[in-house]
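Keep the 3D view open while you read.

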Amino acid sequence: MSSITRRGLVLGSLGAAGGLALGGCSSGSGGPMQLELFQFKSEAIKLFDKICEQFNAANPGTQVNQNFQADNITALRVRLVKDNFPDLITINGDYGYGSLAKTNVFYDFSKTSLMEAVQPGIGEILPTLGTGGEGQVNGLPFANNGSGVIYNVDVFDKAGVKPPTTWAEFVELCDELTAKKIDPFVWGFKDNWTGAPMFSSISAGHLTDGVAAWYAARAKGEHSFTDLLPVMEKMKKLAGYGNKNRYALGYNDANQAFAKGEAAMYLHGTYAIPAIRSYNKEINLGTFATPAEDAKDTKVVSGVDVALTMGVEPRHEAEQLAFIEHLMKPANLKAYCDEQVAFPTLKGMKATDPALQGLVPYFDRNQVSTYSDHNFPQAVTLNAYMQQFLIDGDAKKFASTLDEQWDKVVSRLQRTQ
C-alpha cells in the first residue's frame with residue numbers, strides 16, 4: 001500500500017477531530033542525529049527523559065528528544081496526513097492503535113528478533129486489535145496493566161473475609177460486607193468511563209471463547225450484544241453495592257474515598273494504584289481477578305498500556321531500532337513498571353509490587369483476556385451509553401442501543417477503508 005493511499009485512509013477517518021501538528025526533529029547536520037520520541041504518558045515524562053539521557057550518553061551520534069503528546073492518536077493522524085510521522089512512538093494498545101495499524105502505517109517488527117523476548121500471551125494482544133498485513137507485528141508491548149478487583153487488605157482482615165473465587169462467592173462476599181456495615185465498593189460513575197473496567201472484567205469470564213474472537217465475529221455481523229445481557233445484569237448487581245453518592249463522584253473522588261478506607265473493594269485497573277497511594281501511602285492493597293461463574297473461566301483482563309512502534313518506512317531504521325531495543329532492556333522495563341505499578345512484558349520478568357501479586361498467577365497460567373471496551377470504535381460512544389445503563393438499569397435497551405450504534409459505525413468504517 002502506498003503512503004499516499006495510507007494518508008488518504010487516515011484522512012478519511014480523521015473527520016473533524018482536528019488536532020495539533022508538531023514539527024518533526026529527525027534531521028540535522030553538523031551534530032548528532034535528532035530523533036523524536038512521541039510519548040503520551042504524562043505521569044512518566046521524567047522517567048522517559050532519564051531513559052533518553054542514558055541512551056544519548058551511550059550513543060553520542062544520536063540524540064533522542066521526548067515530545068509529550070497526551071492526545072496522541074489525533075496528533076498521529078494529523079502528522080501522518082502531513083507526511084511528518086514521528087520517529088519513535090509510544091501508544092496505548094486500544095482500538096485507536098488497531099485502526100491505525102490496519103492502514104499499514106506502522107513498522108513490521110516481525111522482521112526483527114525483538115518479539116522473541118516478549119511473553120507469548122502478552123505478545124498476542126496487539127495483533128488482535130489490527131495489523132497492517134498477515135503475520136505482521138506492528139507494535140512491541142512495553143508495559144501491561146491488569147484489571148480486576150483492588151481490595152483493602154486491612155478492611156478484609158478486620159471483616160474476616162477472603163477474596164472470592166467464583167461469582168456466587170463474590171455476591172456472598174458483598175452481602176456479608178454490607179451486613180457488617182462496610183461498603184463493598186466505591187464507585188465514581190460521574191466520569192462515564194468508570195463503568196468500563198467492570199464491563200471488561202465481567203465480559204472476560206463470560207465470553208469463554210475469547211473476547212477478541214467474539215468482537216471479530218461481531219464485526220462480521222455475527223452475534224448480538226444481547227449475548228452480553230448476563231454481563232450487564234451482573235454489572236447492575238455489583239453497582240448496587242456500595243456508596244450511594246456514586247453518580248456524584250468522579251474517578252479521582254473515588255480514588256480518594258477508597259484510599260481513606262471508605263470501601264472494601266475498587267473494581268478498576270491497576271493503573272489506579274499509584275493514584276490511590278498518592279492519597280494514602282500506607283494503604284495495604286491486594287488484587288484478585290473478577291470471578292466468573294466457574295473459577296476455571298476466570299481471567300485477568302490485561303491490555304498493553306504502553307506499546308512501542310514507529311513508521312512503516314523509518315528514516316533512520318537502525319538508530320530507531322537501537323533506541324527501541326534500549327527501551328526494552330529489563331532494567332528500563334523494571335524501572336517503568338515499579339514506578340507505574342505495571343506488569344512487565346518480557347519473559348522471566350514478573351511484577352514485584354505486593355499489590356499486584358493476586359493477579360500474577362493468572363499471567364503465569366496465561367489466563368489473560370483483552371479489554372472488551374478496547375474493541376469499540378470511538379464513534380460508538382460506549383461509555384455514555386454505559387453510564388445511562390448504570391443509571392436506569394435497562395439492560396435490554398443498553399444492548400439494543402449498542403447493536404444499533406455498532407452496526408451504523410462499523411458499516412461506515414468498513415465503507416471508508
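The largest cavity in this predicted model holds about 40 Å³ of space. The structure has one cavity of 30 Å³ or more. Which residues line the largest cavity? They are Tyr-97, Met-115, Gly-123, Leu-126, Pro-127, Gly-130, Thr-131, Val-137, Asn-138, Gly-139 and Pro-141. By class, six of the lining residues are nonpolar and five are polar, with no charged residue among them.

Now for an open space. The second largest pocket has a volume of about 460 Å³. It is lined by 19 residues, and those closest to its centre are Lys-102, Leu-129, Tyr-215, Ala-216 and Ala-219. The lining is made up of 11 nonpolar, six polar and two charged residues. Four helices each supply at least two residues of this lining: α4 (95-102), α6 (125-129), α10 (211-219) and α18 (395-416). Why does the second largest pocket lie between domain 1 and domain 2? Because domain 1 (33-145 + 303-353) and domain 2 (146-302 + 371-416) both contribute residues to its lining.

Just after α10, Gly-221 adopts a positive phi of about 90 degrees.

Next come the rings. A pair of aromatic rings is described by the distance of the centres and the angle of the planes. With centres required to lie within 6.5 Å, the model has 29 aromatic pairs. In one of them, the rings of Phe-55 and Phe-323 are set at 90 degrees with their centres 5.0 Å apart, so this pair is edge-to-face. Phe-55 belongs to helix α2 (residues 45-58) and Phe-323 to helix α14 (residues 317-327), so the contact ties together parts that are 268 residues apart in sequence.

Tyr-97 and Phe-106 are stacked, with 5.6 Å from centre to centre and 10 degrees between the planes. Tyr-97 is buried at a relative accessible area of 1%, and Phe-106 counts as buried at 1% relative accessibility.

Ring pairs also build a cluster, which links Tyr-151, Phe-156, Trp-167, Phe-170, Phe-185, Trp-187, Phe-189, Tyr-247 and Phe-288.

| Charged residue | Ring | Distance to ring centre |
|---|---|---|
| Lys-234 | Trp-167 | 4.7 Å |
| Arg-365 | Tyr-362 | 5.0 Å |

As the table shows, Lys-234 lies over the face of Trp-167, while the charged end of Arg-365 sits over the ring of Tyr-362.

Phe-363 is found in helix α16 (residues 360-364). How does Phe-363 count, buried or exposed? At 12% relative accessibility, it counts as buried, because the cut-off for buried is under 20%. The C-alpha atom of Phe-363 is separated by 8.7 Å from that of Ile-122, although the two residues are 241 residues apart along the chain.

How values were computed:
Residues are numbered from 1 along each chain as its sequence is written. This is a predicted model: local features need pLDDT of at least 70, side-chain atom pairs count only at pLDDT 80 or more; totals for chains, interfaces and linings use all residues. Side-chain values use heavy atoms; hydrogens and water are left out. Rings of Phe, Tyr and Trp (its six-membered ring) pair if their centres lie within 6.5 Å; planes under 30 degrees apart count as stacked, over 60 as edge-to-face and the rest as tilted. Buried means under 20% relative accessible area, exposed over 50%, partly exposed in between (1.4 Å probe, protein chains only). A charge sits over a ring if NZ of Lys or CZ of Arg is within 6 Å of the ring centre and within 35 degrees of the ring normal. On a 1 Å grid over the protein atoms alone, a cavity is a set of points where a 1.4 Å probe fits but cannot get out, and a pocket is an open set with protein on both sides within 12 Å along at least five of seven lines; lining residues have an atom within 4 Å of a point. Grid points are joined across faces, edges and corners, and a volume is the space filled by probe spheres set on the points. Ala, Val, Leu, Ile, Met, Phe, Trp, Tyr, Cys and Pro count as nonpolar, Asp, Glu, Lys and Arg as charged, and the others, Gly among them, as polar. Domain bounds come from an automatic or database domain assignment.
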